[in-house]
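Have the sequence and the 3D view ready as you read.

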Amino acid sequence: MQNPKPVARHLFDLTEPISLVNFFAQEPNDAMEALGFRNYWDGYFAGRSAPLGRVPAEVVHAAFYSFADGEVARHIPKVWDTTTPEAAHAARERGCVAALRRILGDFVETAALARAAELLAKASISAPTEGRIMYAGLRALPMPEERVARLWHAANMLREHRGDGHIVALISEQIGGTEAHVLSALAMGIYPAESFGRIHHLPKARLTEVMDGLRDRGLLDAAGRLTEAGRATKGRIESLTDALAEAPYDGLDPLLLDQLIAVLEPISRRLQATGSQ
């Protein structure tokens, strides 16, 4: 099977809709609320950081990378007064599996979905863990037996593996977390970048500092749009991210990789059609 995209980019496009139920579907929110959380972000930080255990906010801040100073500390370690990391991960899994079952409907009991879960799980445990803090945390957890849970867990592992590599790519270009959001927003056509949902709430002085810093480096023009140098920087980041995300798929021979893509495509289309919610 020939595809113009790098393998890791193509598989990211196919698996990301599986992972997006973590953030957009209602069932995971309900599961976290049942634990006692009353706002989205407490549930987010508890669920996503759970595989790291009860580590300080500084560790979660470093592992997640993209949050502004102080944002993680508003939730970690406070969330562990409400539940345990083990219960938080289990609730996140239950909610995401429920969302996937609802959205995928008749796909759930098909041989194709079972095969997708099997092959994706094989890929998800085929990469080295060195230097991959979030991926390693998830790898330390048991692989679920139930097919939808397995599909979700494998996709989540691959997403965090890619995210760990993306941080390496950002650091290699000396792009901080908030700066990364600015570049991503502009690359997606969101203008002004300060209106992007992940950063619009930050203090105006902080956003001004970030934008001015990117201008000083020649990555943004006076109007706050990407310059040629900014586009080149973003391109290098994405290319390196793709290259660093290839390792899991080296665990599948070409025939199995083609099979994985084929069985994932209809699943991904169904999820994309709903925005994974």
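With a relative accessibility of 6%, A63 counts as buried (buried means under 20% relative accessible area, exposed over 50% and partly exposed in between, using a 1.4 Å probe and protein chains only). You can find A63 in helix α5, which covers residues 57-64. Helices here are DSSP runs of H or I with at least four residues, strands are runs of E with at least two, and both are numbered from the N terminus.

Which residues does A63 touch, leaving out those up to four places away in sequence? They are L52, I133, M134 and I167, where a contact means heavy atoms within 4.5 Å. E246 sits 183 residues from A63 along the chain, and the C-alpha atoms of the two are 20 Å apart.

## How to read this model

The model is predicted: local features need pLDDT of at least 70 and side-chain atom pairs count only at pLDDT 80 or more, while totals for chains, interfaces and linings use all residues. Residues are numbered from 1 along each chain as its sequence is written, and side-chain values use heavy atoms, with hydrogens and water left out.

## The whole chain

Now zoom out. The chain has 13 helices and zero strands. Its radius of gyration is 19 Å, close to the 19 Å that the globule rule gives for 277 residues, so the chain is as compact as a globular protein of that length. This radius is taken over C-alpha atoms, and the rule is 2.2 Å times the number of residues to the power 0.38. Along the principal axes, the C-alpha atoms fill a box of roughly 55 × 50 × 35 Å.

Of the 277 residues, 51% are buried. Among contacts with a separation of 6 or more, 73% are between residues 24 or more positions apart.

S19 lies in helix α1, residues 7-19. Is S19 buried or exposed? At 1% relative accessibility, S19 counts as buried. The side chain of S19 reaches the backbone oxygen of A155 at 3.4 Å. Leaving out residues up to four places away in sequence, S19 touches A155, N156 and R159.

Q26 belongs to helix α3, residues 26-35, and counts as partly exposed at 46% relative accessibility. A polar contact of 2.8 Å joins the side chains of Q26 and D30. Such a contact is a pair of N or O atoms within 3.5 Å; within protein, one must be able to donate a hydrogen and the other to accept it, and residues adjacent in sequence count only if both atoms are side-chain atoms.

## Backbone details to look for

Two peptide bonds deserve a look. I76 and P77 are joined by a cis peptide bond with omega of about 10°, and P77 is in the loop between α5 and α6 (85-104). The bond from Y191 to P192 is cis, with omega near -5°; P192 is in the loop between α10 (177-187) and α11 (204-216).

Next, look at phi. Q174 is not a glycine, yet it has a positive phi of about 55°. Q174 lies in the loop between α9 (147-172) and α10 and is exposed, with a relative accessible area of 64%. S276 is not a glycine and has a positive phi of about 55°. S276 is in the segment after α13 (254-274) and is buried, with a relative accessible area of 1%.
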